[in-house]
Amino acid sequence: MESFLRYWLVWPAVEHFNASHSWAWAFAETFHFFGIILLIGGVGAFDLRILGVAKGLPVAAVRRLLPWGVFGFSLCVATGLQFVTGFRANLPMHPYVVITTDIWLQWKLLFILLAGLNLAAFYATGMSRAVENLPAGTDAPALAKVIAGASLFLWLGVIYFGRLIPEGL
Amino acid sequence: MWQFLESIENSGFSTFVRETPSVLAYPTVLALHTFGMAFLVGLSGVIAVRVLGVAPALPLPPLARFFPLIMAGFWVNAATGVILTALAAQSMLSNPDFYIKLGAIGAALVCLGQLRHHAFGKAGNGATGAVPSKGRVWAGAMLTFWGIAVLAGRLTAYESDVRRQAAVAVVIAVLVLLAVRMLALRVGGAFNNRATFSARTASGPGIPTANH
C-alpha cells in the first residue's frame, strides 16, 4: 500500500511544472481562492436559501447557481492536486509523508468526504425532490435545513483546516 | 515612521499572535480572513452575476437579504486584515502590491454600493427585476476589482518578479475561461434554437395536436 501511494502521489510532470515556473504555486493558490469564492457563492447561497435566508427566492432558481459551485470545487480539486502531486517542488517532503503526517490536511480531506456524504444524503433522503419546487416564501422541511446547515459547516471547516495545513507540516 | 511600524510589529500582541504555537492564533485569524472573503465576494458576486444576466429566473429583490452577510464578511476582513497587517507592518506597508489590494477593495466597495443602488434602490425596478444597463457596468466592474483584490492579496507573500509573472498568468487564464464560457454559450444557444425550431416544425403548422 505504501509503495503504491508513494508512486501515485507524485506526478512528475506536475512536479516539473511547479519547479520550473516560479509563478506556478502562486497561480494555483489564486485559483484555489477563486474556487472557494465560487463554492460559497454557489453552494453557500443555495444552503442559505434552504436555511431560510432570502426565503423570497424560489429554490428552483437558486439551484441554477449550483453549477458555479461545482465549477469552483473543480478548480479547488485541480489546484489542490497540483499542490499535493507537485509538493516536492515547494518543500523537500514526499506527498505520501505529508498526507500521512499532516493532521490538518487529514481533517480537511475527512471534511470533504463528509460534505460529499452529506450531498448524497440530500438526494437519498428525498430532500432534493422535496425542495425542488419550493416556491418563494416557503420554508424547507426541517431535514433539508439540517443538511443545508451541515453543508455550510462542513465547507467552512474545509476552508479552516486548509488554512491550517502549513502548521501541520 | 519605520520605528513606529517596527514597534507595532514587535508589540506584545503582534508577537503573541505570530509566535504562539496555538492554531487558534495566527492560522485562525488567517482562516477568518478567508471566510470573510468567501462571504463578501461570493455573495456579492451572486448579485453581480444575476444582474449580468446569469440565472434570469432568480428574482432580484430577495437577494438583498444577503447584504447583512456580505457586510459581516467585510467587517470580519477589516478586523482580521488590521491584525494581519500589524504582524508584518514593515513588509506589508512597503509592498506596492498591498496598496493595489487596498485600492481594489476600495473600488469594489464603491461598485458594490452603486450596484446596490441600481439593483435594489429606486433606480432599479425591483418588481420585475429589470436592472438599468448602468447596474450591469457596476456589476462587471465590481467582479473585476474583487478579482484584482484576491489576486493581489495572494501575491503579497511573493517576490516581485514572481508576482508579475503570476499576475499575468492569472489574467490570461481568466480571459481564456471567459472566452470558453462565451463560446460554449454561443454553441449551446445555437443548438437550443435549432432544437426548438425542429420541435416546432415537427408538430406541424396548423395541425392541432391531440390531448391538448
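User: In this predicted model, is A:Val77 buried, partly exposed or exposed?

Analyst: The model is a prediction, and A:Val77 has a relative accessible area of 37%. Buried means under 20% and exposed means over 50%, with partly exposed in between. Because 37% falls in that middle range, the class of A:Val77 is partly exposed.

User: Which element gives the largest share of the nonpolar patch?

Analyst: Two elements of chain A give two or more residues each, helix H1 (2–8) and helix H5 (66–85). The largest share is three residues, and the element that supplies it is H1(A).

User: What is the separation of the C-alpha atoms of A:Phe4 and A:Tyr96?

Analyst: A:Phe4 is partly exposed, at 48% relative accessibility. A:Phe4 and A:Tyr96 are 92 residues apart along the chain. The separation of their C-alpha atoms is 9.9 Å.

User: How many residues of H3(B) are buried?

Analyst: Helix H3 of chain B covers residues 26–51 and reaches 37 Å from its first C-alpha to its last, close to the 38 Å expected. B:Gly53, with a positive phi near 110°, follows this helix. H3(B) is mostly covered, and its buried residues number 24 of 26.

Notes: Residues numbered from 1 in each chain as written. Chains lettered and ligands numbered in written order. Predicted model: local features only at pLDDT ≥ 70, side-chain atom pairs only at ≥ 80, totals over all residues. Heavy atoms only, no water. Helix = DSSP H or I, 4+ residues; strand = E, 2+ residues; numbered from the N terminus. Buried < 20%, exposed > 50% of the residue type's maximum accessible area, 1.4 Å probe, protein only. Expected span 1.5 Å × (residues − 1).
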